[in-house]
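Here's a quick tour of the charged pairs in this one. Have the sequence and the 3D view open as you read.

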Amino acid sequence: QVQLMESGGGSVQAGESLRLSCAVSGATSSLSYMSWFRQAPGKEREGVGSAYRFDTELYYAPSVKGRFTITLDKANNTLYLQMNSLKPEDSAMYYCAARTAFTWNRGGRLSFREYGYWGQGTQVTVSS
């Protein structure tokens, strides 16, 4: 099957940057969408950004657009999340997710309910 492993989290101050990595192994050729999600304590898991393996279009949540950048390195089976100008409200556990389907239910590419493969998460803490 597919295994995802996030890394790169840590504790930073507001305005600083972090780069998260998601190493993908297993049946990577079966994947369609790969995305980043985050979840703060007591809050629902929310989509951060998404990449599609078969084109170059990237999708971002309004709260991170312009600050975060997703890169999909298909040759090395790695998904990156470059996070700049971090804010305290960005503090959360960040998860890498993937799916194999090409069609959507009621959700979409930034809905966690649409994804079946998940990593263990990496913690990001931003202090003011």
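Is Arg 99 buried or exposed? Arg 99 is buried, at a relative accessible area of 5%; buried here means under 20% relative accessible area, exposed over 50% and partly exposed in between, with a 1.4 Å probe and protein chains only.

Before going on, a note on the source: this is a predicted model, where local features need pLDDT of at least 70, side-chain atom pairs count only at pLDDT 80 or more, and totals for chains, interfaces and linings use all residues. Residues are numbered from 1 along each chain as its sequence is written, and side-chain values use heavy atoms, leaving out hydrogens and water.

You'll find 5 salt bridges in the structure, each one a side-chain nitrogen of Lys or Arg within 4 Å of a carboxyl oxygen of Asp or Glu. Among them are these:

| Pair | N to O distance |
|---|---|
| Glu 46 and Arg 38 | 2.8 Å |
| Arg 67 and Asp 90 | 2.7 Å |
| Glu 114 and Arg 99 | 3.2 Å |

Back to Arg 99: this residue sits in strand 9, while its partner Glu 114 is in the loop between strand 9 and strand 10 (117–118), 15 residues apart. Strands are DSSP runs (E, at least two residues), numbered from the N terminus. Glu 114 is buried too, at 8%.

Now for the other two pairs. Arg 38 is buried at 5% relative accessibility, whereas Glu 46 is partly exposed at 33%. Arg 67 is buried at 11%, and Asp 90 at 1%. Arg 38, Glu 46, Arg 67 and Asp 90 are joined in a salt-bridge network.

Conventions. Helices (H or I, at least four residues) and strands (E, at least two) are DSSP runs, numbered from the N terminus.
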